[in-house]
Amino acid sequence: MAVASGGLRRCWRPAAALHRAAHTGRAEPLRAEDLAERLRARRSEEEKREVSDDHSPRFLLSQTPLDPARRRLRELAELSERLQRVHPNVLAKALRRGAVYQDEEIVVINKPYGLPVHGGPGVKNSVADVLPILAKMLEDMKAQPLRLCHRLDKETTGLMVLARSEEAAEKIRLLFKTRQVEKVYWAISVGVPDPTEGIVEIPIVEKQVQSHQPHYKVSPASSIPPFNPPLFAPRLHPLVPLQMTLAPNYRLAPEDGKVLKIRKNRHAESAVTRFRVLGSSSACSLLELQPITGVKHQIRVHLAYGLGCPVLGDHKYSHWSKLAPQKLPEITLKRLKLAQSKARHVPLHLHALRLSLPLRQRVDLFCKPPPFFQKTLKKLELDVADK
């Protein structure tokens, strides 16, 4: 039986054992449970030091604070986790404080890093979940829920348009679909595109990839056979991981290098992205991007596979045929003060910077990048003073 006293843990031993130890002059061998307890205590202390940051009371008790680069990565990971743990009311208040623009038709929010737009397996909070609460905070308790008009990836930050009514939502969605909305993103890429300005016009299709992580999909209740109870419970099915990839219409003949037209993939979607290098340093670049079309993960795929310059922190599209952490150049790791083994924690540096909406009058919106994005620019010495 173990008794804790004054922070020390003592284990009861039989009197005979104490008598033997006293007469032999040797300590009794450490028991397995004592050793396990010591290891658990040591691991607990290490975890406390790892998790602590300068916004936590525990950080003040830690005698060995993390270096700034690792602490920022930990803060972002914790932010993403907290967004899933907080009460929906708290999340709605945070989105309201970050609102960039609102009128009688739309509300534009600054979507934070790590917040998914839609719900799904393992997702407790999403933008869609808090739309009814957010609408009431912005207007009154009788307000209709806000409507989604487009999507952003979970790790993408920046401008996101919500509509106050279904009529307004349909109008905004049509503007996006017919390419009347001007969208400008900023991204930090690994590598420098050559040429430094141009248009990527390569169709995109979904494909299977290798991954060490399990992936699942949820079957809706309606798809479950009627005599297989419970009828209303969704099920999880193993799912081969998928990602988007290029489906080019042309290729080079290996014999003579001639351009040959390829039979079009019927599942591929047309995708067009305009890009421009704003600055480059430390084997990285700051890019201005304008997606002309709106295919899933279009910017990330075009940069990674079309230009060979993936978005910094994009661990999904940094390898052609597998899901694995991104490998960074030595100079980039040095500037970020990171080891390659920690590169898997680098967040996606993709931000929806500007939107221009042709409503009754043109609405031009701007949202500066989040602090972690700006700190990375500074560390990599990417000067954006005149951008």
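Reader: How many cavities of 30 Å³ or more does the structure hold?
Author: This is a predicted model. A cavity is a space where a probe fits but cannot get out. In this structure there are two cavities of 30 Å³ or more.

Reader: What volume does the second largest cavity have?
Author: The second largest cavity has a volume of about 50 Å³.

Reader: Which residues line the second largest cavity?
Author: A residue belongs to a lining if it has an atom within 4 Å of a point of the space. Here the lining consists of H150, L159, F176, K183, V184, Y185, A352, L353, R354 and L355. By class, seven of these residues are nonpolar, one is polar and two are charged.

Reader: Which element gives the most to the lining of the second largest cavity?
Author: That is β17, with four residues. Strand β17 covers residues 350-358, and both β7 and β17 supply at least two residues of this lining. In terms of domains, at least three lining residues come from domain 1 (68-178), and at least three from domain 2 (179-210 + 241-378).

Reader: Now the pockets. How much space lies in the second largest pocket?
Author: A pocket, unlike a cavity, is an open set of points. The second largest pocket holds about 680 Å³ of space.

Reader: How many residues line the second largest pocket, and which lie nearest its centre?
Author: Its lining has 26 residues, and R151, K183, T293, G294 and V295 lie nearest the centre. The elements that give two or more residues to this lining are α7 (166-177), β7 (182-190) and α8 (298-306). Helix α7 gives the most, with four residues.

Reader: What classes of residue make up the lining of the second largest pocket?
Author: The lining has 10 nonpolar, seven polar and nine charged residues.

Reader: Last, the helices. At what angle do the axes of α5 and α6 cross?
Author: The axes of α5 (residues 88-97) and α6 (residues 127-138) cross at roughly 55° and come within 9 Å. Angles from 65 to 115 degrees count as roughly perpendicular, and those under 35 as roughly parallel. The two helices α5 and α6 are therefore oblique to each other.

Reader: Is the crossing of α5 and α6 left-handed or right-handed?
Author: Helix α5 passes α6 in a right-handed crossing.

Definitions and conventions. Residues numbered from 1 in each chain as written. Predicted model: local features only at pLDDT ≥ 70, side-chain atom pairs only at ≥ 80, totals over all residues. Heavy atoms only, no water. 1 Å grid on protein atoms, 1.4 Å probe; cavity = no way out; pocket = protein on both sides within 12 Å on 5 of 7 lines; lining within 4 Å. Points joined across faces, edges and corners; volume = space filled by probe spheres on them. Nonpolar A, V, L, I, M, F, W, Y, C, P; charged D, E, K, R; others polar. Axes fitted to C-alpha atoms, helices over the stretch in contact; angles between N-to-C directions. Parallel < 35°, antiparallel > 145°, perpendicular 65-115°, else oblique. Left-handed = near helix turned anticlockwise from the far one by under 90°. Domains from an automatic or database assignment.
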